[in-house]
Amino acid sequence: MKDLIEIRWHGRGGQGAKTAALLLADVAFGTGKYVQGFPEYGPERMGAPITAYNRISDKAIRVHSNIYNPDYVVVVDDSLLDDVDVTKGLKKEGAIVINTEKAKEEIIPKLKGYEGKVYVIDARKVSIAALGKYFPNTPMLASIVKVSGIMEEELFLKEMQHSFEHKFASKPEVIEGNMKALRMALSELA
Amino acid sequence: MAIRERLSGNEAVAIAIRQINPDVMPAFPITPSTEIPQYFSSYIANGKADTVFIPVESEHSAMSAAIGASAAGARTLTATSSCGMALMWELLYVAASNRLPIAMALVNRALSGPININCDHSDVMGARDAGWLQIFAENNQEAYDNFVQAYRIAEHKDVRLPIMICQDGFITSHAVENIELIEDDKVKAFVGEYEPEDYLLKDGEPFHVGPYAVSNYYMEAKRAQAEGMKNAKQVILEVAKEFEAMTGRSYGFFEEYRLEDADYAIVIMGSAAGTAKDAVDKLRAQGIKAGLLKVRVFRPFPAEEIAKALTHVKVLACMDRTESFNNECGPLGAEVKSALFDAGCAPKVINYVYGLGGRDVTVESITSVYEELIKIDETKETGAKYRYLSVRED
């Protein structure tokens, strides 16, 4: 892993992109890293485009700006591809991960000539199969961990189990479904 | 052993409050400070603190209730932002002039209009003459550490003034970052019990707070208040020294970063200081003698000390995250220039307005400030002394 990894999340209000960024900060923190997880706040409302960010480093992080040249981009909703320049500033050595039911070949023409790696995952399918409901952020979290190689998959799953036990202490029945969504996403990412 | 954690700035301050367990907290929610009373009231509900939480109907009432509680002898605090603090305006002066050591967790946000929820320093800077101590933080760690030190400074018998512990709205209040917490028992021992000399509920000793002062007395009251602010300097340093002995983290009136031999320097406050440090390192790697001074304590203003730290600088930029509409400089610029004038040293000074309403501050934008300073040194042409950073002019 590089000294510093920068990730930008694009989602729509209500889809949990901010929560996913904070969860990613959580699990990376659990492996001893220095982390930042922060949303870009505006006049939020359900369905509006939102942006969130992560910095993950072996060294203390002092910078407090948004991220303009990310190593990775996560797109939680493929309808954003028409409205938001999601590959803007994205390093070509990096990658973009998109939640879509479409094939990669259909998506690539929308990426304005982005030269780096492109990954797709049908987070809706994964989420419905694992949880019975559409929460795209959990599969997307697993996807970016796999693509960025921030940590080993087994370690990630262990950290997430721990994190869910804490987060869902009052409704433990959803933990298994969320863990299943993570495992499915790790294997389905294309 | 310090506790390694990852927390947002708001959560970190809420934890400091839980560890201190003050007597009374009246509060009214306003973005981006809302999470502080929100987290803290959940700690109370879960039995982790026994502070009396008063959900009031406005910020005017929040500060009024805080004044009442503090005058009665209770260790008191509130949290607010932006127009919330603006609604407290009248009472800010009442709290300070009655020498009530109330703590305020202030999460800095722009004032309307246009209406905006993001960070700048116009709320706190507008209140700079209200008589409150004002301390700024670069990140969640400093916001937490400053809050742990707050009551020791405010309640000191030579000070007895209210204190604002500031952090940048969203930029640090809502960003999850690494932090080292201090154990509960150590915080409690460090802060200690509040034992005011005089207070309304003191049995058998009738006492009056907030009387009318005729012209024959008003000025002496203000003079005494100013003396408290003067004494605060020594107390702030003493408390910081004790804090360092406990945690290893060192605090003063300001932080000097690669400033000792700097030709070009900026004076800055809050979260942008961290970003600016990265800019300094990049410039230093190119052989440019860049440095910075991060102001932690704005009230009392450490004028002599700041001037001394800047005497050798050739060209200086003061960074104001607020507009003061005097066409000449912002509040930080005014204070720094005044300090330099009195010290008889005169580096060329440019004053920038930056980051209003959450306008992003980047390593590149700060680097461009240093580039301007170098240009001024090389051409000997100062140009406009009052400038805007990262703004569209057309």
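Reader: What makes chain B a chain with domain 1 and domain 2?

Author: The domain assignment of chain B gives domain 1 as 3-247 and domain 2 as 254-388, and such bounds come from an automatic or database domain assignment. Everything here belongs to a predicted model, where local features need pLDDT of at least 70, side-chain atom pairs count only at pLDDT 80 or more, and totals for chains, interfaces and linings use all residues. Residues are numbered from 1 along each chain as its sequence is written, chains are lettered from A in the order in which they are written, and side-chain values use heavy atoms, with hydrogens and water left out.

Reader: What makes the two domains of chain B count as being in contact?

Author: Contact means heavy atoms within 4.5 Å. By that rule 27 residues from domain 1 of chain B and 24 residues from domain 2 of chain B take part. Their centres, taken over C-alpha atoms, are 28 Å apart. Together the two domains bury about 2100 Å², 54% of it on carbon and sulfur atoms; buried area is the accessible area (1.4 Å probe) that two parts lose on being put together, summed over both.

Reader: Why is the pair Lys277(B) and Glu138(B) called a salt bridge?

Author: The term asks for a side-chain nitrogen of Lys or Arg within 4 Å of a carboxyl oxygen of Asp or Glu. The closest N and O atoms of Lys277(B) and Glu138(B) are 2.8 Å apart, so the pair qualifies.

Reader: Is Ala130(A) buried or exposed, and why?

Author: Buried means under 20% relative accessible area, exposed over 50%, partly exposed in between (1.4 Å probe, protein chains only). Ala130(A) has 14% relative accessibility, so it counts as buried. Leaving aside neighbours within four places in sequence, Ala130(A) is in contact with Gly177(A), Lys180(A), Ala181(A) and Met184(A).
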